[in-house]
Amino acid sequence: MAETMKLHWSPRSPYVRKVMIVAHELGLADRLQTVRTVVGGTMPHLELMRENPLGKIPTLVLGDGTVTYDSPVICEYLDTLHNGPKLFPDWPERLTALRRLALGDGMLDIALAWLGERFRPLEKQSQPHMTLWQAKIRCCVDALEQDADALAASRFTIGHIAIGIALAYLDFRFADLNWRDGHPRLAAWHAAFSARPSVLANPPVDDR
Ligand SMILES: N[C@@H](CCC(=O)N[C@@H](CS)C(=O)NCC(=O)O)C(=O)O
């Protein structure tokens, strides 16, 4: 029988969401035992840090106790556990998939830093940083609009998942950006992405 793996999980984390969508796409979701793990803020999560010294989620613990992270590594590992079409394709297609993965994850890194800044008291917020982060997100969405037709035409990969999740995270936390404005082809691609069963099965939830 295939072994079960423990995943440190939260319905708020877009990186965790990426792992869950990958598992669903690959037919592996029932092998993941999710454990609600609360991180963030200034309190160290000592129990999690014993498994992942970075204290971050997602963190995956295999049946034999082997621990791995972060989300790109977990996704690539899950992709080795099945015999179907790979989400991490062979070269040279892999180069584009990995670049899109880096772009999606990079957008999340910016969005999370920006969100953290927004949670600080108003007088402590750095307006220059927030202006910079907004400009970078805008530049990413503009670049993705240029890539939208190629995204739609190319085989579904980890890059598509990362981009789809990053845009969904803007909807979740930065709805005021209205990223669809001026980006009709990307909006159309994202509507199709959002209708995938794997995406619908793993909605972001602000549970606490
Ligand atoms: N590069 C990491 C980023 C993971 C990450 O930053 N996760 C957030 C939750 S969305 C976290 O664990 N934050 C807690 C912390 O940074 O202390 C990945 O792709 O897994």
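The structure holds 1 cavity of 30 Å³ or more, and the volume of this largest cavity is about 40 Å³. The model is a predicted one, in which local features need pLDDT of at least 70 and side-chain atom pairs count only at pLDDT 80 or more, while totals for chains, interfaces and linings use all residues. Residues are numbered from 1 along each chain as its sequence is written, and side-chain values use heavy atoms, with hydrogens and water left out.

**The cavity**

- On a 1 Å grid over the protein atoms alone, a cavity is a set of points where a 1.4 Å probe fits but cannot get out, whereas a pocket is an open set with protein on both sides within 12 Å along at least five of seven lines; lining residues have an atom within 4 Å of a point.
- A volume is the space filled by probe spheres set on the points, and grid points are joined across faces, edges and corners.
- The lining of the largest cavity consists of P11, R12, S13, P14, R17, I165, A168, Y169 and P204.
- Two or more of these lining residues come from each of α1 and α6, and α6 gives the largest share, 3 residues; helices (H or I, at least four residues) and strands (E, at least two) are DSSP runs, numbered from the N terminus.
- By class, the lining of the largest cavity has 6 nonpolar, 1 polar and 2 charged residues, where Ala, Val, Leu, Ile, Met, Phe, Trp, Tyr, Cys and Pro count as nonpolar, Asp, Glu, Lys and Arg as charged, and the others, Gly among them, as polar.

**The largest pocket**

- Of the 30 residues that line the largest pocket, Y15, V39, G40, K56 and L112 lie nearest its centre.
- At least two residues of this lining are supplied by each of α1, α3, α4 (93-119) and α6 (158-173), with the largest share, 7 residues, coming from α4.
- The lining of the largest pocket is made up, by class, of 14 nonpolar, 9 polar and 7 charged residues.

**Around the ligand**

- There are 13 residues around the ligand, of which S13, K56, I57, D70 and S71 come nearest; a residue is near a molecule if one of its heavy atoms lies within 4 Å of it.
- The shell around the ligand has 7 nonpolar, 4 polar and 2 charged residues, and α1 (14-25) and α3 (71-78) each supply at least two residues of it.
- A polar side-chain atom of S71 lies 2.5 Å from an oxygen atom of the ligand, a polar backbone atom of I57 is 2.8 Å from a nitrogen atom of the ligand, and an N or O atom in the side chain of K56 is 3.4 Å from an oxygen atom of the ligand.

**Backbone features**

- Most residues other than glycine have a negative phi, and most peptide bonds are trans.
- I57 and P58 are joined by a cis peptide bond with omega of about 5°, and P58 has its place in the loop between α2 (46-51) and β3 (59-61).
- Y69 and D70 are also joined by a cis peptide bond, with omega of about 0°, and D70 is found in the loop between β4 (67-68) and α3.
- N178, although not a glycine, has a positive phi of about 45°, and this residue is found in the loop between α6 and α7 (184-194).

Definitions and conventions. Polar contact = N/O pair within 3.5 Å; in protein donor to acceptor, adjacent residues only side chain to side chain.
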